[in-house]
Each structure stands twice: as C-alpha cells, then as structure tokens.
Amino acid sequence: MKNIKVVILLLIAILLSACAGKSFKWNDVRSVKIGDSKEILAKKMHTKPYRITTSQINGEHIEQYIYVYVGFDGSTKSVLFPIKNNKVVSIPHVPDEFK
C-alpha cells in the first residue's frame, strides 16, 4: 500500500512538472509590433514573459522578454522580444507554417 502511494505521488509530481510557461499562439506573436509597450506586449501575448533578462549592447540597456512553453508531450516553443526604453524594438519572424 505504501508503494502505491509513492507511485501516485511521483506521477502527480511528474504531471505537474511536465509543462513550463503558459501557452501562447503564434498569431499572438505575429500581432506584436515594433514600438509596442511592455504592457501592450503582455496583453497581446495573453501572459507575462517566462523570463526577463537584461544586457548592455553598445552601452544601451536592453531587456529580453522571453516567452517559453513546454507541453505535456515534450513539444516546445519560445520567442524573444528585445525591449528598450519600455518599447519592443525588434520582432521575430514567425514562419507561415507555425499555426
């Protein structure tokens, strides 16, 4: 009986850890425009970024808003938006076959 409880707890832990981030749609990524604010970016992506990193490029402070999703089946998708002065400064190309 004790072994069954351990197995059940392990299965629950595996299921809970099986996905990371919040799912996003590629059409949401396509809707983001250069100049969108961080707030507009969050609204268009329907979630906060999975991670925010910062760096200095040519003496300028740049934030990278990184959206990541890992599904239960192991599928992954990720996208990065560079932010400068609270605005999106570059948008990624999303191939048409990404639905």
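Modeller: Let us begin with a pair of facing residues, bearing in mind that this model is predicted. Arg 51 stands opposite Ile 66 in strand S2. Helix H3 packs on the sheet, where it touches S2, S3 and S4, and its direction makes about 10° with that of S2.

Colleague: In what order do the strands lie in the sheet, and how are they paired?

Modeller: Four strands make up an open sheet, in the order S1-S2-S3-S4, and the pairing is antiparallel. Strand S1 (51-57) and strand S4 (87-88) are at the edges with a single partner strand each, so one side of each has no neighbour in the sheet.

Colleague: How many bridges join S1 and S2, and how many join S2 and S3?

Modeller: S1 and S2 pair in the antiparallel sense over seven bridges. Besides the pair already named, Ile 57 stands opposite Glu 60 in S2. S2 and S3 are likewise antiparallel, with eight bridges. Here Tyr 65 has Phe 81 in S3 as its bridge partner.

Colleague: Is strand S2 largely enclosed or left open by the rest of the structure?

Modeller: Eight of the 11 residues of S2 are buried, so the strand is largely enclosed by the rest of the structure.

Colleague: How should I read a nonpolar core?

Modeller: In soluble globular proteins, nonpolar side chains tend to be buried together. In this model, the largest nonpolar core has 14 residues. Among those with the most contacts inside it are Phe 24, Val 29, Leu 41 and Met 45, together with Tyr 67, Val 79 and Phe 81. The elements that give two or more residues to this core are helix H2 (26-31), helix H3 (38-45), strand S2 (60-70) and strand S3 (76-84).

Colleague: Which residues does Val 79 touch, leaving out those up to four places away in sequence?

Modeller: Val 79 touches Phe 24, Trp 26, Val 29 and Met 45, and also Tyr 65, Ile 66, Tyr 67 and Pro 92.

Colleague: Let us turn to charged residues. How many salt bridges does the model contain?

Modeller: Side chains of opposite charge can pair when their charged atoms come close. The count here comes to three salt bridges. In one of them, Asp 36 pairs with Lys 44, and the closest N and O atoms are 2.8 Å apart.

Colleague: What else surrounds Asp 36?

Modeller: Asp 36 lies in the loop between H2 and H3. A polar atom of its side chain lies 2.9 Å from the backbone nitrogen of Lys 33. Leaving aside neighbours within four places in sequence, Asp 36 is in contact with Ser 31, Lys 44, Asn 86, Lys 87 and Val 88.

Colleague: Where are the other salt bridges?

Modeller: The side chains of Lys 38 and Glu 63 meet in a salt bridge of 3.2 Å, N to O. This pair links distant parts of the chain, since Lys 38 is in helix H3 and Glu 63 is in strand S2, 25 residues apart. Both Lys 38 and Glu 63 are buried. Glu 60 forms a salt bridge with Lys 84, with the closest N and O atoms 2.9 Å apart. That pair also links distant parts of the chain: Glu 60 is in strand S2 and Lys 84 in strand S3, 24 residues apart. Glu 60 is partly exposed, with a relative accessible area of 36%, and Lys 84 is partly exposed at 25%.

Colleague: Is Lys 25 buried or exposed, and where does it lie?

Modeller: Lys 25 is exposed, with a relative accessible area of 58%. Lys 25 lies in the loop between helix H1 (2-17) and H2. The C-alpha atoms of Lys 25 and Lys 99 are separated by 7.4 Å, although the two residues are 74 residues apart along the chain.

Note on methods: Residues numbered from 1 in each chain as written. Predicted model: local features only at pLDDT ≥ 70, side-chain atom pairs only at ≥ 80, totals over all residues. Heavy atoms only, no water. Core = buried A, V, L, I, M, F, W, Y, C linked by side-chain atoms within 4.5 Å. Buried < 20%, exposed > 50% of the residue type's maximum accessible area, 1.4 Å probe, protein only. Contact = heavy atoms within 4.5 Å. Polar contact = N/O pair within 3.5 Å; in protein donor to acceptor, adjacent residues only side chain to side chain. Salt bridge = Lys/Arg side-chain N within 4 Å of Asp/Glu carboxyl O. Pairing = 2+ DSSP bridges. Axes fitted to C-alpha atoms, helices over the stretch in contact; angles between N-to-C directions.
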